[in-house]
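Have the viewer open while you read.

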Amino acid sequence: MLGGGVSRISHHFRECDLGCFRFTLQTLHHSFPRPLKPRWGGGGTTITITGKPPNRLPLSHCFSATPSKSPGEFPLLFDCFSQQEEEREIMSDGKSAVAGGIVALGKFDALHIGHRELAIQASKAGQPFLLSFAGMAKVLGWENRAPIVAKSDRKRVLSSWAPYCGNMVPEEFQIEFSSVRHLSPRQFVEKLSRELRVRGVVAGENYRFGYKAAGDALELVKLCEEFGMEAYIIKSVMDKNLSSANLDFSTSSKERGQVSSTRVREALAVGDMRYVSELLGRQHRLILMATDQERFSVGQGKVSAPRSCLLNLAPKEGLYEKCSLFLGQEHVVQCRLVIDNKFVYIETDQGGLSDIFGTQNLQFLHIEFGDSST
C-alpha cells in the first residue's frame, strides 16, 4: 500500500468494458484497503490517482482506451474532473501564479505531442500549467543550442492546444534551476505544495526529479499523497513512425522509443519534415528576426536572410518545397526554402514581395514547412 492510505488504480484498458463500473472515485478511495491489481492485460495506459478525488461522475466516464488524435477526443482519464464545483482556487496573496492549478512536469523544448498529452491530462483536472526550469543549461554547463520552438512562438503553439484542453490555453511557469538544484525529492514536492500551492501534478512514467534525479514517478505519487496533492502518472506517447528506424539514438540511454525532443532534433537533422510534423502534431515553424546589423534582402520573388537571424532550429541544408511564408497577419505566400551554411533563401513565384516589405517594414519572417524532405 502506498504511503498515507493512497488508493492506486493501475489498469490496462485496451479491450475492457468499463460500463460495469458505476461507483465514484470517492467511493473507490474509501472502499479498498489495498491498491487495485490490474485485471486486464494488453498495452493500455497505466494510471495512478492519488489524493481525495472529487465525487463527480461515475468511474465508467473516466477512462478511454485510445490516445487523443483530434480536438474533442480526450484520452485515458479526467472526464470525471471536469470544471464544475471545484474550480481552480485563485490565491489572493499573489505569491504564486500557479496556485490552485495542475502543473505538468518536464522539459518542454519541442512542445511535441507527448508534451501536449501532459497538458491534456492536466486540463482535465484543472487549470493546466507547464512547469519547467530556467537556466538549467548554464548551471550544468551544457552546450548552448538553438531551441526547437522560438521563444516568441511558444504562445501561438500553446494556444493551438486549447481545443484539446477543454478550450483552456496551457500557461508556462518557470523556476530558476539554481534555486531547486539541490532539493531532495521530498523538498521539491514540499515546494510545489507549500510555496507554489499547486493542487496537483502530471508527469510521464519516466519522470525523474530531485537532486541528482533521485526521485522517480512512484516516489512522486507517494510524496504528493503525503502533501495532500493529486498526482497523475501517464505512459509515454510512443513513436510508431517507421522513419525512426533511420535515426541513431544510441547516445541516449533514456531513449526507449517514446516521442521526445531528441527525436525531433534528429528528424530535423536529416531534413525529414513529414516525420517532424508527426512528432510535433503540427508543421514546424521557422522564425527569423532582422536586426540593425543583419537585415533581410528582398528582390523580385526572393527574400534572403543570414542564418544569424534564425531564432530557432532549422532543418539540414537543402531545398524544401511547399512551404508557407507568413508576412504579418494578412499575407500568406506559398514558397520554397533553400538553406545553406550562411543564408536562408525564400523563393516564391508570386510577385509583390518588395511592395509588402516596403509597406509593413517587417522585422520577423515566419516560415512553415510542408511535409517534403530535402
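Let's settle one term before going anywhere: buried means under 20% relative accessible area, exposed means over 50%, and partly exposed sits in between (1.4 Å probe, protein chains only).

Residues are numbered from 1 along each chain as its sequence is written, and side-chain values use heavy atoms, with hydrogens and water left out.

pLDDT is the predictor's confidence in each residue, from 0 to 100. The chain averages 76, and 67% of its residues reach 70 or more. Over residues 1–94 the pLDDT is below 50, though this stretch still has 188 contacts in the model beyond near neighbours in sequence; a contact here means heavy atoms within 4.5 Å. Residues 249–253 also stay under 50, with five contacts beyond four places in sequence. Where pLDDT is low, the predicted coordinates should not be read in detail.

Helices (H or I, at least four residues) and strands (E, at least two) are DSSP runs, numbered from the N terminus.

**The enclosed helix**

Why call α2 largely enclosed by the rest of the structure? Because 11 of the 11 residues of this helix (residues 113–123) are buried. Among them are H115, R116 and E117. The cover over the buried residues of α2 includes strands β2 (102–105), β3 (128–134), β5 (200–204) and β6 (230–234), along with helices α8 (261–269) and α9 (273–280).

**Charged pairs**

A salt bridge is a side-chain nitrogen of Lys or Arg within 4 Å of a carboxyl oxygen of Asp or Glu. How many does a search of the whole structure find? It finds 13 salt bridges. Here are some of them:

| Pair | N to O distance |
|---|---|
| D109 and R265 | 2.8 Å |
| E230 and R199 | 3.9 Å |
| D349 and R336 | 3.5 Å |

Take D109 and R265, which form a salt bridge. D109 lies in the loop between β2 and α2 and R265 in helix α8, so the pair ties together parts that are 156 residues apart in sequence. R265 is buried, at 14% relative accessibility.

Next come E230 and R199, also in a salt bridge. This pair links distant parts of the chain, with E230 in strand β6 and R199 in the loop between α6 and β5, 31 residues apart. E230 counts as buried at 9%, whereas R199 is partly exposed at 21%.

Then there's the salt bridge between D349 and R336. D349 sits in the loop between β12 (343–347) and α10 (353–360) and R336 in strand β11 (residues 331–339), 13 residues apart. Salt bridges that share partners join R336, E347 and D349 into one network. D349 is exposed, with a relative accessible area of 70%.

**A buried lysine**

Is K191 buried or exposed? K191 is buried, at 15% relative accessible area, and it lies in helix α6 (residues 185–195). Its side chain makes a polar contact with the side chain of E195 at 3.0 Å. For a polar contact, take a pair of N or O atoms within 3.5 Å; within protein, one must be able to donate a hydrogen and the other to accept it, and residues adjacent in sequence count only if both atoms are side-chain atoms. Leaving aside neighbours within four places in sequence, K191 is in contact with I175, V180, L183 and L196.

Most residues other than glycine have a negative phi, and most peptide bonds are trans. N167, which is not a glycine, has a positive phi near 65°. N167 lies in the loop between α4 and β4 (171–176) and is exposed, at 68% relative accessible area. K322 has a positive phi of about 55°, but K322 is in a strand, β10 (residues 318–327). K322 counts as exposed too, at 67% relative accessibility.

Definitions and conventions: This is a predicted model: local features need pLDDT of at least 70, side-chain atom pairs count only at pLDDT 80 or more; totals for chains, interfaces and linings use all residues.
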